[in-house]
Amino acid sequence: ATPTTSSRPGVIVALRNETMPLRGKTIPVSVVEVIRYSDDPEENSVTEWWSSADIPVFGIVKKVEDGETVWELDGYGDK
């Protein structure tokens, strides 16, 4: 959800652990959520980066902007 109000402009970063289904498996992921507040509410945004140590190279499995998935891994490896 996009933030609508804040006492002052700035950025809040939160980290949480979740799981994500991928090709019939459930993998552990870390989610970094970046919330940007501006003086102009239309400039406010929320971006989430989902990553997992189980995924080779960069480990990024999903990106969500303002509640909408803009990129998601649909598989990896031979399985």
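**The salt bridges and their surroundings**

Guide: Arginine 16 and glutamate 48 form a salt bridge, with 3.1 Å between the closest N and O atoms. This pair links distant parts of the chain, since arginine 16 belongs to strand β1 and glutamate 48 to strand β3, 32 residues apart. The model is a predicted one, and the values that follow are computed from it.

Glutamate 48 has a relative accessible area of 12%, so it is buried, because buried means under 20%. Arginine 16 has a relative accessible area of 27% and is therefore partly exposed.

Arginine 16 also meets the side chain of glutamate 33 in a salt bridge, at 3.8 Å from N to O. Here too the pair links distant parts of the chain: glutamate 33 lies in strand β2, arginine 16 in strand β1 (residues 10–22), and 17 residues separate them. Glutamate 33 is buried, because its relative accessible area is 17%.

These residues belong to a network of salt bridges that links Arg16, Glu18, Glu33 and Glu48. In the whole structure, a search finds four salt bridges.

Lysine 63 has a relative accessible area of 18%, so it counts as buried. Glutamate 65, at 32% relative accessibility, counts as partly exposed.

Now for the chain that holds these pairs. The protein chain has five strands and zero helices, and its pattern along the sequence reads β-β-β-β-β. Of its 79 residues, 32% are buried.

The loop between β2 (25–37) and β3 (45–51) is the place of glutamate 43. Glutamate 43 is exposed, because its relative accessibility is 53%. On the surface, a patch of negative charge gathers Asp39, Asp40, Glu42 and Glu43.

Asparagine 44 is also found in the loop between β2 and β3. Its relative accessibility is 5%, so asparagine 44 counts as buried. The side chain of asparagine 44 reaches the backbone nitrogen of serine 38, at a distance of 2.7 Å. Asparagine 44 and aspartate 66 stand 22 residues apart in sequence, and their C-alpha atoms are 9.0 Å apart in space.

The surface also has a nonpolar patch. Val11, Val13, Leu15, Val32, Trp49, Ile60, Val70 and Trp71 form it, and together they have about 740 Å² of accessible area. Strand β1, which holds arginine 16, gives the largest share of the nonpolar patch, three residues. At least two residues of the patch come from each of β1 and β5 (68–72).

Isoleucine 60, a member of the nonpolar patch, is found in strand β4 (residues 60–65). With a relative accessible area of 31%, isoleucine 60 is partly exposed. A residue must have over 30% relative accessible area to be counted in a patch.

Definitions and conventions:
Residues are numbered from 1 along each chain as its sequence is written. This is a predicted model: local features need pLDDT of at least 70, side-chain atom pairs count only at pLDDT 80 or more; totals for chains, interfaces and linings use all residues. Side-chain values use heavy atoms; hydrogens and water are left out. Patches are made of residues with over 30% relative accessible area and no salt bridge: like charges are joined within 9 Å, nonpolar side chains (Val, Leu, Ile, Met, Phe, Trp, Tyr) within 5 Å. Accessible areas come from the Shrake-Rupley method with a 1.4 Å probe; for residues, only the protein chains shown count as cover. Lys and Arg count as positive and Asp and Glu as negative; His and the chain ends are not counted. The place of a charge is taken as NZ of Lys, CZ of Arg, CG of Asp or CD of Glu. Helices (H or I, at least four residues) and strands (E, at least two) are DSSP runs, numbered from the N terminus. Buried means under 20% relative accessible area, exposed over 50%, partly exposed in between (1.4 Å probe, protein chains only). A polar contact is a pair of N or O atoms within 3.5 Å; within protein, one must be able to donate a hydrogen and the other to accept it, and residues adjacent in sequence count only if both atoms are side-chain atoms.
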